[in-house]
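Me: I would like to learn how to read a protein model. Can we go through one step by step?

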Amino acid sequence: MLRLAADAAGEVPVRRSGPAIGAICLGAAFWLCMASAPSVQAAGGRDVVTHKCSGCHDLRRLCRGLDLKDEKNWAATIARMVEKRGAKLSPQDQLAAYNYLIRQTSKSVPFCK
Ligand code: HEC
């Protein structure tokens, strides 16, 4: 099943000041909910990806995925980075990165050129 690391750890994936979408998306349907969420955090997602997905590997590592991965694949990839690889991303960061990545191709991002 797809879920956030924070869910697994029993943390509440919402900050007091966080966007309302976090509250709506609580629980097991989190990723499903994300998939249907509006791209309110698209701009933030670019920053998250640029700064937090480049710590362990080059961003070019994402390029192939941008053309191949669907929503489910990206959800699984981000969850794996956090749960298995140790990426430090808050649930909000994960949501923002997800909403950004599912809308990009290798041609639309600067780091694949
Ligand atoms: C803590 C280190 C770390 C961070 C931070 C990190 N990754 Fe990774 N990533 C890895 C490692 C290790 C691999 C190779 C093993 C694997 O694929 O799981 C990898 C491989 C990948 C791959 C290639 C494999 C595939 O599934 O296509 C993609 C895409 C990827 N990462 C995306 C991301 C994204 C998106 C982020 C930010 C949300 C991110 N990574 C942040 C460690 C990290």
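Me: How many helices and how many strands does the protein have?

Reply: Keep in mind that this is a predicted model. The protein has 7 helices and 0 strands. Read from the N terminus, the elements run α-α-α-α-α-α-α.

Me: What share of the residues in the protein is buried?

Reply: A residue counts as buried if 20 or more other C-beta atoms lie within 10 Å of its own, and as exposed if 12 or fewer do. Of the 113 residues in the protein, 29% are buried.

Me: Which residues have the most contacts inside the largest nonpolar core?

Reply: Start with the general idea. In soluble globular proteins, nonpolar side chains tend to be buried together. Here the largest nonpolar core has 18 residues, and those with the most contacts inside it are Val 49, Trp 74, Ile 78, Ala 97, Tyr 98 and Leu 101. At least two residues of this core come from each of α4 (42-52), α6 (71-83) and α7 (91-101).

Me: At what angle do the axes of α6 and α7 cross?

Reply: Angles run from 0 to 180 degrees between N-to-C directions. The axes of α6 and α7 cross at roughly 145 degrees and come within 10 Å. The crossing of α6 past α7 is right-handed.

Me: Which residues of α6 and α7 meet?

Reply: An α-helix has 3.6 residues a turn, so residues three or four places apart point the same way. In this model, α6 brings Trp 74, Ala 75, Ile 78 and Val 82, which meet Gln 94, Ala 97, Tyr 98 and Leu 101 of α7. The residues of this contact divide into 7 nonpolar, 1 polar and no charged.

Me: Why is α7 described as largely enclosed by the rest of the structure?

Reply: Count its buried residues. In α7, 10 of the 11 residues are buried, so α7 is largely enclosed by the rest of the structure. Among the buried residues of α7 are Pro 91, Asp 93 and Asn 99.

Me: Is Cys 56 buried or exposed?

Reply: Cys 56 is found in the loop between α4 and α5. Cys 56 is exposed, because it has 11 other C-beta atoms within 10 Å. Cys 56 and Gly 86 are 30 residues apart along the chain, and their C-alpha atoms are separated by 9.7 Å.

Me: Which residues are closest to the ligand?

Reply: The closest are Cys 53, Cys 56, Met 81, Arg 85 and Ala 87, out of 17 residues that surround the ligand. The shell divides into 8 nonpolar, 5 polar and 4 charged residues. With 4 residues, α6 gives the most to this shell.

Me: Where is Arg 85 found, and which residues does it touch beyond four places away in sequence?

Reply: Arg 85 is in the loop between α6 and α7. Leaving out residues up to four places away in sequence, Arg 85 touches Cys 56 and Arg 80. The C-alpha atoms of Arg 85 and Cys 56 are separated by 9.1 Å, although the residues are 29 residues apart along the chain. Arg 85 is exposed, because it has 11 other C-beta atoms within 10 Å.

Conventions: Residues numbered from 1 in each chain as written. Predicted model: local features only at pLDDT ≥ 70, side-chain atom pairs only at ≥ 80, totals over all residues. Core = buried A, V, L, I, M, F, W, Y, C linked by C-beta atoms within 7 Å. Near = placed C-beta within 6 Å. Nonpolar A, V, L, I, M, F, W, Y, C, P; charged D, E, K, R; others polar. Contact = placed C-beta atoms within 7 Å. Left-handed = near helix turned anticlockwise from the far one by under 90°.
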